[in-house]
Amino acid sequence: GGIMASLKLWEILKDLQKNYRWVDLTHELSPETPHWYGFKPFESEVLFDYTDDTDEDKKAPMRCFQYTVASQYGTHVDAPVHFHQNARALEAIDCKELVFPLVVIDKSEEAAENPEFTLEIAHIKQWEDVYGKIPEGAFVAFRTDWCHKKDLENKDDRGVPHYPGWSVDAIKWLVEKRNIGAIGHEPADTDPSYITTREDMYPYPAEQYILGVDRFQIEVMKNLDKLPRVGGIIFTTFPKIKGGVGSPARCFAIVPE
């Protein structure tokens, strides 16, 4: 029985690969990747190359690049230390914290009608009335279909951004009443644009809050429209950067067919 028992994980994996759907939730990384307006586009410089006949110093049996990319670029993780000086950085996040039960709150229709739609506690309670209680330790993904927009800012003719976001109360409720593990969304901000464009110094209350309660979040997600509301699991993976405030991430979900 010893060896058979030790092969159980292989059987589970075979089952997951054969009988479930795997969905990539990540924008590919390039200069064209959607990103927050304050960042320079992704850059790559050739260090060594097997096809370089012009530069003796670079000619090599392999190809290598030096990548230059902002910590919060494209589909990315925000560590608690991103907003809070003495909070956890990326290297302190445990492997077990990278996998969650996944729930998806779909407000894509509402966001299409009102680009500054804000997710409130009432919307979460309505969701639970239909799909059941959000499990402890869940990753709550807020779907708006914003990933299909060419410009995440969705600026009007006057250059003013309009995009959806979470209310602080909604996230607080999820943390205090459901003890969730993390949140994710498609825009480049947690808060809606009418909050982030305020003139005061702290126009990011929802982001301040979720990172302040020692949770991380994933921003600029993709393909939330390919997920069921319940029953999936999500993997959120990223480099283990010492002191890391954030990083481009590779996220994917395994969901029932």
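At what angle do helix α4 and helix α5 pack, and how far apart are their axes? The views below belong to a predicted model, in which local features need pLDDT of at least 70, side-chain atom pairs count only at pLDDT 80 or more, and totals for chains, interfaces and linings use all residues. Residues are numbered from 1 along each chain as its sequence is written, and side-chain values use heavy atoms, with hydrogens and water left out.

**View A. Helices α4 and α5.** Helix α4 (residues 121–131) packs against helix α5 (residues 168–178) at about 50°, and their axes lie 8 Å apart. Helices (H or I, at least four residues) and strands (E, at least two) are DSSP runs, numbered from the N terminus. Axes are lines fitted to C-alpha atoms, for helices over the stretch in contact, and angles run from 0 to 180 degrees between N-to-C directions.

**View B. Residues between the two helices.** I121, I124, K125 and E128 of α4 meet D169, A170, W173, L174 and R178 of α5; contact means heavy atoms within 4.5 Å.

**View C. The open sheet.** Nine strands with mixed pairing follow the order β1-β13-β11-β5-β7-β9-β10-β4-β12; two strands pair if DSSP finds at least two bridges between them. Because β1 (20–24) and β12 (246–248) stand at the edges with a single partner strand each, one side of each is left without a neighbour in the sheet. From one strand to the next, the twist averages 25°.

**View D. Strands β11 and β13.** The antiparallel strands β11 (residues 232–237) and β13 (residues 250–256) are joined by five bridges. T236 has C251 in β13 as its bridge partner.
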